[in-house]
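Have a look at the model first, then read on.

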Amino acid sequence: MNPVAEPPRRPSYEIRPKTDEAGGESIGELLEISMGPHHPSTHGVFRMDVVLDGEKVVKLKPVFGYLHRNHEKIGENISYLASMPYTDRLDYFCSMTNNWAYALSVEKLAGLAVPERAEYIRVIMAELTRLQNHTCLIGFFAQDMGALGTPMMYAFREREKILDLFESVSGARMMCNYMRFGGVRCDVTAEWLAQAKQLTDGYGKFLDEFEALLAQNEIILARTQGIGVLPRELAISAAITGPMLRASGVDYDLRKVDKYGIYSRFDFKVPLGAQGDVYDRYMIRVLEMRECVKILQAALRDIPSGPVMDPKAKLRGLRPKAGEAYGRVEAPKGELGFYLISDGSTNPYRYRVRPPSFINLTILEDMCLGHRIADAVVILGSVDIVLGEVDR
Amino acid sequence: METPEQIKARLEAAVPEIRVEVLPNDCPAGERSLLVDIAHVFAAAKFLRDDPQLRLDYCSNVSGVDWPDLEIATKTKVKKVVDGVEKEVEEVMKTLRPGFLEAVYHLYSMELKQGPVVLRQRTANRDPEAPAVSLTPLWRGAELQEREVYDLYGIRLEGHPDLRRILMWDGFKGFPMRKDYVAPDDFEYEPTPHDEVLELAKKHYPPEVKA
């Protein structure tokens, strides 16, 4: 068996003078642009220092930290339970999966069990989160390509329905703060389940409509196919996770690999891309949403009755034994992990977040080099970043 | 998946003069980690990545940990003659564990779908910019995370292609995630390129105009 291939060499950061095709002296100027932090296409306060040769990107440096509030230090100074609402603010589109990742890590650290009904509720919440995240991402992404308004409004119409469900169960649309170590905060009602079922059953129709609107669109095909190709080896070496990794053809979905929670009970497929370009990343998300609907239908059908909290779980003043644990889930953007070290006190000694969208930006430059500046916007859109999580 | 002891034995066979220690973990579900000395951590990581049984091609998480100086009190029972009678007396021995910084790597295999193996390296002390070894040449995914470790903990990871501050601004002093970091009072102060010019401009104003 061959050893793993060396990662491709990094592009040189040295800016060379522009030469003409015969290799002569410089005939033009390179243009340095600071794109962001307040630019509509950077999805938040994110900056790219771009060097352009005409319209071609010859260098691109992401600049982070405009939204940095040292989330990890805050986590070290407050109790285990008090960090739960803070996790909502990481990836503020997907608070439910953030909650789950943190709860999973603390459960691993403290050795807590989760009742079966709570596991089903967690799966339902996580898959609803994935649906609304991918739907909105495609809306934003179409907006980045100039489809102003319509696709995003379609996406937000559906997202509101899901956020209404979140609000009715947790009291908040986005900052849900719903899960706890050892279960979930409160039970869902039969009416809520009926509403969720109605939404899930109707979602396939919306996906058909959304796909018909965009998937074969001539402009989208021209703008995305063959753009920002991410090779398989580089994707693995650069620790890319989530739909971006699977678009490059790597079969690695934590719901299948780790089988955390009760994901082993559901029958779903992991869609894989062949080219690893922007179009594959878009299409993977469409296909993943169809699998989400399948999981949701099965979960809503099979959900048992029972308690939603482990009666032995102690929320306030939780003091896990000294030790460490790393727990991870498949968040909509990739692998979200929490690494916790306990020294036996009420606060974690070390609280580390492994943010997927931050690490997925590692290879932004590699994907953009040689493309036009307008394509860099589309490529960034296909990475799916949320700055609350990137900068923490 | 091999146990940490098995991996340790194979590492010692493959890399000469390596010092590996399996650290205990009291958390029942957590993984025990491999502590490798700085001089051999790169060779050890390369072995873990390329070994056909492990093939840890995916470096998921890199985190820094700060361990300040710690006084460890151990109680020992000593026989002593007190007032002419031999008695057992408890004596408290205090030993100082010097502080260090730690970089922790969580390695998985995407090909064989196994893991994690937790790899740790420790610096000699807690100096600002204490040196350790970067593993970015082996796993590109460590690039931004190692920059973050450098930025927030001040571990200078030798061999990193582009080791700069990442979340804090250039010119920031100190390492905010260290346990002894104290936040300054004037948090909003940020050096600007105009500082020198402003200082020079002050000379042009006579003192009475200032008020």
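How many salt bridges does the structure hold over all chains? There are 53 of them, a salt bridge being a side-chain nitrogen of Lys or Arg within 4 Å of a carboxyl oxygen of Asp or Glu. Bear in mind that this is a predicted model, where local features need pLDDT of at least 70, side-chain atom pairs count only at pLDDT 80 or more, and totals for chains, interfaces and linings use all residues. Residues are numbered from 1 along each chain as its sequence is written, chains are lettered from A in the order in which they are written, and side-chain values use heavy atoms, leaving out hydrogens and water.

**Between the chains**

At the interface, 52 residues of chain A touch 53 residues of chain B, contact meaning heavy atoms within 4.5 Å. Together the two chains bury about 4500 Å², with 54% of that on carbon and sulfur atoms; buried area is the accessible area (1.4 Å probe) that two parts lose on being put together, summed over both. The rule finds seven salt bridges across this interface. Here are two salt bridges that join chain A and chain B:

| Chain A residue | Chain B residue | N to O distance |
|---|---|---|
| A:Arg352 | B:Glu148 | 3.1 Å |
| A:Lys108 | B:Glu31 | 3.0 Å |

In the pair of A:Lys108 and B:Glu31, the lysine sits in helix 3 (residues 95-110) of chain A, while the glutamate is in the loop between strand 1 (20-23) and strand 2 (33-36) of chain B. Helices (H or I, at least four residues) and strands (E, at least two) are DSSP runs, numbered from the N terminus.

Now for the packing inside chain A. The axes of helix 5 (residues 150-170) and helix 6 of chain A come within 11 Å and cross at roughly 170°; axes are lines fitted to C-alpha atoms, for helices over the stretch in contact, with angles running from 0 to 180 degrees between N-to-C directions. That's why helix 5 of chain A counts as roughly antiparallel to helix 6 of chain A, a label for angles over 145 degrees. Residues of this contact split into 14 nonpolar, two polar and four charged.

On to helix 11 (residues 278-302) of chain A: its axis and that of helix 6 (residues 190-214) of chain A come within 10 Å and cross at roughly 160°. Helix 6 and helix 11 of chain A are therefore roughly antiparallel too. This contact has twelve nonpolar, three polar and five charged residues.

Note on methods:
Parallel < 35°, antiparallel > 145°, perpendicular 65-115°, else oblique. Nonpolar A, V, L, I, M, F, W, Y, C, P; charged D, E, K, R; others polar.
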